[in-house]
Amino acid sequence: MPRLIVNADDFGLTPGVNRAILELHQAGVLTSATLMARASAANEAIHIARATPSLGVGCHIVLVDGDPMQPASALPSLTDPQTGRLYPTLGAFLNPLWRGKISSSEIELEARGQIEWLQSHGVPLTHIDTHKHTHMFPRVLCPVLRAARSCGIRAIRNPFEPRWSIAATPGAPFLRRAQVRLLRLLASRFQRFVAQHGFVTTSGALGVLATGTLDARAITSLLRAIPSNPPDATYELVTHPGYNDAALAGANTRLLASRDTERTALATLNNAPNLHLINFANLN
């Protein structure tokens with residue numbers, strides 16, 4: 001029977017996001033969440049994580065669109081010298097990354113700082129992933145793996161969506177679909193580096209293409225399309241549930257109304273009896 005990890009990103013972003021994650025976990029449909037160490041509601045998320053040991057919690061490493069854990073002076077290639085913040089968009093981050101202008105040692109330092117901060121607050125981390133899936137790029141992946149390994153973590157999100165999942169995603173814009181397909185060219189190097197560093201991962205991430213449009217129709221289509229072979233495959237459904245409230249409106253996120261939609265749509269997982277729900281702690 002295929003195994004499925006249902007993970008909510010952005011744990012700690014707002015109280016409404018935290019509330020949705022806890023409610024969905026208590027309802028038996030959400031098994032995992034990744035916590036943003038520098039988010040405004042991170043302390044509340046830490047309290048929830050410590051009080052809910054059945055919820056697998058990973059570190060949602062933020063290298064773009066946020067505040068760094070380290071002083072900006074220690075991250076000159078990762079931060080804007082005028083604001084002290086990380087690059088505001090993925091595009092702004094990728095430009096210097098491709099040109100070799102971002103220091104791998106700074107990526108490792110910042111990633112390790114975020115992981116260690118959560119661990120120091122009593123959160124037993126099950127895995128790591130990254131905001132905006134930046135670890136799909138080799139120049140980010142390797143220092144992130146080194147940072148996680150130094151903190152005793154051995155599991156990481158596979159951010160690449162399987163071809164069958166891309167085909168099963170309804171209503172995705174053509175450009176977004178083309179981007180996700182193109183990025184799959186990095187998948188083989190991802191698998192190689194993950195294995196070399198002694199990490200485990202899943203067979204792929206579902207819902208990446210549907211980010212922002214993940215509704216009940218899309219979830220149902222994805223779940224029905226999960227292949228029965230190999231029978232021991234494990235997939236991760238990547239979600240962003242929350243309550244669209246004033247705090248979310250004030251957060252720097254493009255996912256506003258869609259968080260309500262995803263929170264409601266995740267109830268469709270109750271209609272998937274042929275899936276074994278796990279979290280990253282169960283990977284082997």
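Helices here are DSSP runs of H or I with at least four residues, strands are runs of E with at least two, and both are numbered from the N terminus. With that set, let's go. This is a predicted model: local features need pLDDT of at least 70, side-chain atom pairs count only at pLDDT 80 or more, and totals for chains, interfaces and linings use all residues. Residues are numbered from 1 along each chain as its sequence is written, and side-chain values use heavy atoms, without hydrogens or water.

Backbone first. Most residues other than glycine have a negative phi, and most peptide bonds are trans. Now the exceptions here. Asp65 is not a glycine, yet its phi is positive, about 60 degrees. Find Asp65 in the loop between β3 (56-61) and α3 (90-98).

Next, Asp10. Its phi is positive too, near 70 degrees. Asp10 sits in strand β1 (residues 3-11). Asp10 is buried, because its relative accessibility is 4%.

Then a peptide bond. Asn229 to Pro230 is cis, omega near 0 degrees. Pro230 is in the loop between α9 (216-225) and β6 (234-239).

Last, a side chain. Which residues does the Arg157 side chain meet in polar contacts? A polar contact is a pair of N or O atoms within 3.5 Å; within protein, one must be able to donate a hydrogen and the other to accept it, and residues adjacent in sequence count only if both atoms are side-chain atoms. The partners include the side chains of Asp9, at 2.7 Å, and Glu236, at 2.8 Å. Arg157 itself is buried, at 0%.

Technical notes. Buried < 20%, exposed > 50% of the residue type's maximum accessible area, 1.4 Å probe, protein only.
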